[in-house]
Amino acid sequence: MDQIILQILNGLDKGSAYALIALGLTLIFGTLGVVNFAHGALFMLGAFCAITFSRILSVSHVVIDETQKDFLGNPLKVDIPYIYDWFGEPTGQAILNWSVPLAILFTIPVMITLGVIIERGLIKHFYKRPHADQILVTFGLAIVLQEIIKYYFGANQIPNPAPEAFIGSFDFGAAIGMKAGSIIYPYWRIVYFCFAMLLIGSVFAFLQFTTFGMVVRAGMADRETVGLLGINIDRRFTVMFGVAAAVAGLAGVMYTPINPPNYHMGMDFLVISFVVVVVGGMGSLPGAVAAGLLLGILESFASMRQVIEALPGINQVVIYLAAIVILLTRPRGLMGRKGVMEE
Amino acid sequence: MSKTKITRRGVIKTGAVAGASLAVPTLLTAGSHTGFANAPTGSTVTLGFNVPQSGAYADEGADELRAYKLAVEHLNGEGDGGMLQTFSSKALDGTGILGKKVEYVTGDTQTKPDAARASARSMIEKDGAIMITGGSSSGVAVAVQALCQEAGIIFMAGLTHSNDTTGKDKKANGFRHFFNSYMTGAALAPVLADRYGSDRKAYHLTADYNWGYTTEEAVRNSTEALGWETIAAVKTPLSQTDFSSYVAPVLNSGADVLVLNHYGANMVNSLTSAVEFGLRAAQANGKNFEIVVPLYSRLMAQGAGKNVAGIFGTSGWHWSLENTAGARYSGTNAFVKSFGEKYGFPPSQAAHTTYCQTLLYADAVQRGGSFNPCSVVEALEGFEFDGMGSGPTLYRAEDHQCIKDVLVVRGKENPANEFDLLELVDVTPAEAVTFDPGIFGGELGSCNPGA
């Protein structure tokens with residue numbers, strides 16, 4: 001029983017990352033009709049926004065400490081971050097400690113700007129081209145972005161820990177009246193799940209309850225009519241691309257304490273996120289979220305030792321098996337509109 | 001426009017002439033250069049450095065390349081000479097190799113066996129490289145070693161730790177300075193039994209490829225021999241990034257030690273998950289729960305950050321070795337000084353092994369008096385040397401594996417600087433990690449001079 005609860009919890013946090021990326025993919029597909037293979041790279045860029053932000057905070061000046069020696073036996077050069085000078089050491093340390101959550105404020109404008117630049121500069125030229133062209137150009141863009149990140153940050157992973165208050169794990173078992181220590185779950189993963197739900201909720205609220213969102217939804221349903229009403233729908237869709245980029249970016253920022261990021265992390269998520277979109281139903285936002293969480297949980301169960309022993313290799317294929325079953329039995333996906341991909 | 005008439009006789013004649021003219025240069029080359037591939041003719045000799053310049057191990061590759069460039073400088077008599085000052089063989093004198101200035105070409109393995117073979121082939125065929133060295137993965141090393149054997153070129157392996165490289169896939173033209181999984185098991189198990197007791201239950205997570213298998217096997221065999229029990233061993237896909245679903249069940253499995261047979265990004269991620277899930281602070285079977293990482297590298301430790309604190313593993317070499325373990329490891333400080341002054345940070349174990357391999361090759365050519373691969377093989381087989389930072393070392397003739405001391409290290413609790421991440425716990429002497437070269441199967445075959 002405790003194993004089952006544990007794997008459900010596990011699936012939820014991984015699933016929420018899938019859901020956030022798939023949500024952005026679906027937003028872009030629903031509004032602009034573009035299959036965006038660069039979306040995983042946007043997730044990765046978000047993670048590197050967090051790294052960049054923490055590096056900006058740690059910009060330092062060098063003080064030579066004669067009492068200590070470096071690896072060559074010369075006096076040690078100690079880096080003192082400027083924020084220690086400005087705010088005093090305790091406050092400076094606290095700011096550095098909370099750099100991951102603070103990076104959210106830095107990432108939102110950066111990612112929206114990047115998203116708008118990518119859409120206006122590149123993707124808009126491919127609206128009228130076949131999907132295959134769009135896939136090629138966005139995939140190419142993903143590779144270019146990866147290589148740029150690798151050039152500046154190297155290929156190895158860069159640790160970016162969560163604030164100390166969230167390091168450690170929560171005894172879930174004791175909290176629900178089971179044996180203490182039977183289900184423990186890291187604090188930061190709980191934070192990640194809550195953050196993802198909040199973000200997904202805000203995107204839905206934005207689309208549902210604002211005039212801007214209403215126009216976007218109308219545009220998704222019938223772009224031409226909305227255009228005929230004198231509304232510049234293209235501009236709004238550009239903004240939506242920026243929003244989708246920011247959602248992927250924030251998913252990346254908060255993911256850095258879970259897995260230290262490297263330039264390749266986007267690709268690892270991209271393929272699965274596409275499966276999520278297909279399973280959830282092309283163009284369906286609730287479908288993307290539900291399928292993200294479901295597939296995350298499914299993947300967790302498939303990597304249990306008992307399951308692997310019974311069905312070797314199942315942990316690597318379970319998501320694709322689920323996709324095959326869904327495509328055969330319900331081609332429009334779990335929550336896809338009737339008729340989509342069913343002709 | 002004239003018509004060309006093709007006759008049967010004409011085709012045969014042309015074919016014979018063309019065949020003969022193609023054959024002549026080969027015969028001449030073979031005759032004039034004592035019969036081996038890429039024999040250097042001018043005043044220079046070209047070495048091929050085949051390292052990952054892109055892909056997941058690009059940082060290790062970059063450090064290997066720095067070490068190679070430094071070795072070339074030292075061979076050509078530039079810089080301070082590095083380990084040439086401490087190396088027990090004095091055949092090299094800073095005038096290149098056999099009086100020929102050393103030049104190099106580089107290739108990108110991308111950490112993929114097929115790409116590594118293609119770049120090695122290009123360096124051999126287009127650039128005339130006389131020796132290929134490098135690689136940052138056992139899959140790559142095994143593939144390139146086989147290619148060099150066919151081409152009649154010497155292969156000096158870089159960072160490769162699987163038993164297979166000098167075990168079942170060994171080749172007469174291939175040599176490995178780095179240690180292997182078996183030696184890791186033999187060095188690590190006694191230290192683990194000493195620190196954690198002999199009544200322990202281990203849970204292994206293993207990367208699903210040849211290095212993972214041999215490492216798991218080595219650590220299992222050597223810990224079980226000391227009384228440990230293995231509760232479970234789970235293979236994890238090499239492409240896995242989030243290990244939470246593999247790590248989460250460990251605490252309630254009855255195990256009290258988690259062994260992570262992972263390297264590179266896999267290790268950073270699985271260790272991060274294990275620490276996140278509270279395994280470091282947990283109790284199991286009335287003991288403190290422990291985590292073990294059989295193969296450590298400083299570059300990986302940098303990726304995992306504070307999570308490595310207190311965790312045991314093995315390493316081939318560490319830049320602080322001579323200062324902490326004494327003059328037995330002479331050469332270490334000389335190498336760290338030249339490397340550190342040139343690049344501003346200390347070398348990694350990958351840099352150390354590739355630097356040594358380059359000097360060892362050059363020395364073997366110099367001592368044998370020829371670039372002929374068979375002469376190099378003869379000079380290296382059974383060669384005993386010292387002063388290269390690892391203590392007295394033997395290049396064993398039976399499997400072309402270096403037999404030397406292995407370090408047991410632990411992640412530092414309070415690192416003094418960003419390079420000072422591992423502390424030396426114990427040095428296991430070469431005798432204690434020596435193994436029967438026959439146990440892994442495979443045949444060396446005979447040396448191939450090519451041409």
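How many helices and how many strands are there in chain B? In this predicted model, chain B holds 14 helices and 17 strands.

**Overall dimensions**

Taken along the principal axes, the C-alpha atoms of chain B fill a box of roughly 90 × 50 × 40 Å. A compact globule with 451 residues would have a radius of gyration near 22 Å, and the 24 Å of chain B agrees with that expectation. Of the 451 residues of chain B, 59% count as buried, and among the contacts in chain B with a separation of 6 or more, 72% are made by residues 24 or more positions apart.

Chain B contains an open sheet of 5 strands, with parallel pairing and the order β2-β1-β3-β4-β5. Because β2 (101–108) and β5 (174–176) of chain B each have a single partner strand, they stand at the edges of the sheet, and one side of each is left without a neighbour there. From one strand to the next, the twist averages 25°. Strand β1 of chain B, residues 44–51, pairs with β2(B) in the parallel sense over 8 bridges, and T44(B) stands opposite K101(B) in β2(B). Helix α3 of chain B, residues 113–125, lies across β1, β2 and β3 (131–134) of chain B and runs at about 175° to β1(B).

**Helix α12**

Helix α12 of chain B comprises residues 349–368, and its 20 residues should span 28 Å at 1.5 Å a residue, which agrees with the 28 Å that separates its end C-alpha atoms. This helix, α12(B), is mostly covered, since 18 of its 20 residues are buried. After α12(B) comes G369(B), whose phi is positive, near 75°.

**The contact with chain A**

The contact takes 37 residues from chain B and 37 residues from chain A. On the side of chain B that touches chain A, the elements in the table give two or more residues each.

| Element of chain B | Residue range |
|---|---|
| α2(B) | residues 58–75 |
| β7(B) | residues 229–236 |
| α7(B) | residues 244–247 |
| α8(B) | residues 265–276 |
| α9(B) | residues 298–304 |
| α11(B) | residues 332–343 |

Which element gives the most to the side of chain B that touches chain A? That element is α8(B), with 5 residues. By residue class, the side of chain B that touches chain A divides into 18 nonpolar, 14 polar and 5 charged residues.

Terms used: Residues numbered from 1 in each chain as written. Chains lettered and ligands numbered in written order. Predicted model: local features only at pLDDT ≥ 70, side-chain atom pairs only at ≥ 80, totals over all residues. Pairing = 2+ DSSP bridges. Helix = DSSP H or I, 4+ residues; strand = E, 2+ residues; numbered from the N terminus. Axes fitted to C-alpha atoms, helices over the stretch in contact; angles between N-to-C directions. Contact = placed C-beta atoms within 7 Å. Expected span 1.5 Å × (residues − 1). Buried ≥ 20, exposed ≤ 12 C-beta atoms within 10 Å, placed from the backbone. Rg over C-alpha atoms; globule rule 2.2 N^0.38 Å. Nonpolar A, V, L, I, M, F, W, Y, C, P; charged D, E, K, R; others polar.
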